[in-house]
Amino acid sequence: MQIYNTLTRRKETFVPLEPGKVRIYVCGITVYDFCHIGHARVMVAFDVITRYLRARGFDVTYVRNITDIDDKILKRAEENGEPFDVLTERMIKAMHEDEARLKVLPPDREPRATAHIADILTMIETLVEKGYAYSAANGDVYYRVRRFADYGKLNNRDLDEMRAGARVEVDGHKEDPLDFVLWKAAKPGEASWSSPWGEGRPGWHIECSAMATRCLGDTFDIHGGGPDLTFPHHENEIAQSEAATGKRFVNTWMHAGAVRVDQEKMSKSLGNFFTIREVLEVHDPEVVRYLLLASHYRSAINYAPGALIEARKSLERFYTALDGVTPEQGSISPEYHQRFQAAMDDDFNTPEALAVLFDLARELNRAKQETPTLAPGLAFELKRLGSILGLFDQVPANFLKGSGAALPLSEAEIESRINDRAQAKRDRDFARADRIREELAALGILLKDSREGTQWVLEKTADD
């Protein structure tokens, strides 16, 4: 099995630290808002990776943390006028609901930062004792970046170049602008815990170092996360953990690719920011999951109406093959299993694995017509391999009926928004016009402009 290691920037033969066992830590969600489609990419990617490792016979311990205390959480709670823990409990519940609909299996352990304050404090104290951290006059505790000789190795960055080009917030309490906070002194009325340096709360980076080593040991097999975490978060995790323990922190670093919307970076300011639950109000969860798997986990993925249409059509081909057949384990060629395993052993290549399943579906269709006795065994194999990807668990006839859901807006509301868009275009407010179009597209309502005016159609019945 080959896995691409972000640290070495190449594929490497995967050899677990302990034969037959794999320990994985993935950075989870900061729970101040609903999860978005970018979070779904990471959730699904590592769900499939974990499923496949287990299918290969490994005993997997999968840990994915929850960040339930940080600046964003405290700011949102203050804006809402509610205690921070009430906010986080609500968002955690919503996250679990979103995951369940996407068929993401729960991790074996889901540690929360607020439940590991003692572990965090112990690690910070160790870093202070070893000279890797220092307490400042403002009550904060900082990490001495230049004290750690290997800082920058994950991202292949030079410290002096980072210092010269850094947009570092001026902080007169730091010894060096590159130093980062481990413990933040509490502001009046802010959530806080007691520490040797006064009331405060942990910095974001130290939370994961403490939780990962607590749950999986000083060194473990795989650490994963989203594409935006390599720097500074994961770089800082390495520095903290290896300085504290004196051991290699992680053997293999894995990072999922970004999600782009119509080839643009997803951003609230661009009006193309979609939560998982907004998307699932309109689209079948399996269609969304399929879209996220149709690209290799390391590549960027484009979330767009046309891509979702193609994802649904692909699933329809599989469910058409499975329709009318009762799967039964039978004697069939091992070819498909071997090809599927070869694809997944090559850095979890889900697009190639799906190509194997398409070949299997085509053979199943032929068998239904020409050799019906072989069809149940082929259907069983298709469902068995598909289940490793978290696919094909619906009743085929039900899926093929289509998800003829009610309109997300009334026809009058849709027409009103189309009129607003037309007025915006007349006013040459093209940003507003584009935003209205994108908002409707997020609900599965596609607009088609022509000389006769603007027509709308539900995405699942739209032409490519």
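This is a predicted model: local features need pLDDT of at least 70, side-chain atom pairs count only at pLDDT 80 or more; totals for chains, interfaces and linings use all residues.
Buried denotes under 20% relative accessible area, exposed over 50%, and partly exposed the range in between (1.4 Å probe, protein chains only). In a regular strand the side chains alternate between the two faces of the sheet. Strands (E, at least two residues) and helices (H or I, at least four) are DSSP runs numbered from the N terminus.

Residues are numbered from 1 along each chain as its sequence is written. Local features need pLDDT of at least 70 and side-chain atom pairs count only at pLDDT 80 or more, whereas totals for chains, interfaces and linings use all residues; side-chain values use heavy atoms, with hydrogens and water left out. The mean pLDDT (the predictor's confidence in each residue, from 0 to 100) of the protein chain is 91, and 93% of its residues reach 70 or more.

Strand β1 pairs with strand β2 (residues 10-13) in the antiparallel sense over four bridges; pairing requires that DSSP finds at least two bridges between two strands. Glutamine 2 stands opposite threonine 13 in β2. The two strands β1 and β2 form a hairpin with four residues between them, and arginine 9 in the turn has a positive phi of about 60°.

A further four strands form an open antiparallel sheet in the order β5-β6-β7-β8. Its edge strands, β5 (133-135) and β8 (200-202), each pair on one side only. Within the sheet, β6 (residues 141-143) and β7 (residues 180-185) are joined by three bridges, and valine 141 stands opposite tryptophan 183 in β7.

Across the whole structure, 16 aromatic pairs are found. Rings of Phe, Tyr and Trp (its six-membered ring) pair if their centres lie within 6.5 Å; planes under 30 degrees apart count as stacked, over 60 as edge-to-face and the rest as tilted. The rings of tyrosine 52 and phenylalanine 348 have centres 6.2 Å apart and planes at 85°, so this pair is edge-to-face. Tyrosine 52 lies in helix α1 (residues 37-55) and phenylalanine 348 in the loop between α11 (335-345) and α12 (350-370), so the pair ties together parts 296 residues apart in sequence. Both residues, tyrosine 52 and phenylalanine 348, are buried. Ring pairs also link Tyr290, Phe318, Tyr319, Phe358, Phe392 and Phe399 into a cluster.
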